[in-house]
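Hi everyone, thanks for making time. I'd like to walk you through one model, so let me put it up on the screen.

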Amino acid sequence: MKTIDLSEGYVKEPIDKAIDLEEEINRMRKEKNAVIMAHYYQTGDIQDIADFVGDSLALAQQAAKTDADIIVLCGVHFMGETAKILCPDKKVIIPDLNAGCSLADSCPADEFEKFVKARPDHTVISYVNTSAAVKALTDVVVTSSNARQIVDSFPENEKIIFGPDRNLGNYINSITGRKMLLWDGACHVHEQFSPEKILELKKQYPDALVLAHPECKKVVLILADYIGSTAALLKFAGKSSCNRFIVATESGIIHEMKKQNLEKEFIPAPPNDSTCACNDCSFMRLNTMKKLYNCLKYEQPEITVDEEIRKKAVNSIKRMLEISQKSGL
């Protein structure tokens, strides 16, 4: 029996150069009744071969209703966990287990549990960018697509803990008038956008609109012409009469923006500490077509979630999906 080496978090089986990766991936997913789901922050080749591409909310919604036997989640670890929590009877695999999330890592479950238990009179709202263990401590999960609607579903005097993204929490507080208690976490990608470099781009392209994700710092959001989730930014770009945009979110979204708007120009907002013209998530970039091929071939690495944690966590996700459906999201 062949042993698969997963010591580095992914299957390291060498691939014959003569193999057409796209053709083989298409063949295997049909044979195995597998569905490939990819986040907008994946590289373009992975987005193009996926059965479904979406933001965190859309991926969760799609996972909840799929009839596939295997879910291949091309994203980061918490996304795979979310799919497994919703679909315990399905095999969930991910190309590289090392594809984590700096935001999820900024909220260790043991520390968050102490924070929550010290405030038993608070409702706990957690961003989807969290571990299964944190979701198990949560009353309702949100994404950037539905955070405002879910927060608004609670009475104005409700005491709320919001974690882990302080930037998203501050933004929701600012547009709702709430005073939610925020966990001090952040996404390394959205934290790094440079307001100075965005202003330089605005001088260079005065006709461009600035699109920003609410995970960005307030100083960046102030410069934005439109603030929204990944999916909302994509939708706005398509409907806008403007033909040039400066995009302050993970640069993978620009692939889909260009596909849907061939006549428009999308300029990635640069980070502070780099001469690079774009701001990529190093974790999202760990997934590759070769790893996707091996992942599907060997059905490894597999995402597993402790059943006790899963049972607690699933309620917070289902509640999010129910409120989103009622809100038309």
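Predicted model: local features only at pLDDT ≥ 70, side-chain atom pairs only at ≥ 80, totals over all residues.

Residues are numbered from 1 along each chain as its sequence is written, and side-chain values use heavy atoms, leaving out hydrogens and water.

Back to Cys-87, which sits in the loop between helix H4 (77-86) and strand S4 (91-93); helices here are DSSP runs of H or I with at least four residues, strands are runs of E with at least two, and both are numbered from the N terminus. Leaving aside neighbours within four places in sequence, Cys-87 is in contact with Ala-63, Ala-64 and Ile-71, where contact means heavy atoms within 4.5 Å.

Ile-71 brings us to the core. The largest nonpolar core has 80 residues, and Ile-71, Ile-125, Ile-253, Met-257 and Met-320 touch the most other members. A nonpolar core, by the way, is a set of buried Ala, Val, Leu, Ile, Met, Phe, Trp, Tyr and Cys residues joined through side-chain atoms within 4.5 Å. Helix H16 (residues 307-326) gives this core its largest share, six residues. Apart from it there's another core of 18 residues, including Leu-21 and Cys-295.

Now, Ile-125 again: it stands opposite Phe-162 in S7. Strand S5 (residues 123-127) and strand S7 (residues 160-163) run parallel, joined by four bridges; two strands pair if DSSP finds at least two bridges between them. The whole open sheet has four strands in the order S6-S5-S7-S8, with parallel pairing. Its edge strands are S6 (140-142) and S8 (181-182), each pairing on one side only.

And Met-320? Beyond its neighbours within four places in sequence, its contacts include Val-140, Val-141, Val-142 and Asn-146.

Last stop, the largest pocket. Ser-144, Ser-145, Asn-146, Ser-229 and Ala-232 are the closest to its centre, out of 23 lining residues. A pocket is an open set of points on a 1 Å grid over the protein atoms alone, where a 1.4 Å probe fits, with protein on both sides within 12 Å along at least five of seven lines; lining residues have an atom within 4 Å of a point. H9 supplies the largest share of that lining, four residues.

Notes:
Buried < 20%, exposed > 50% of the residue type's maximum accessible area, 1.4 Å probe, protein only.
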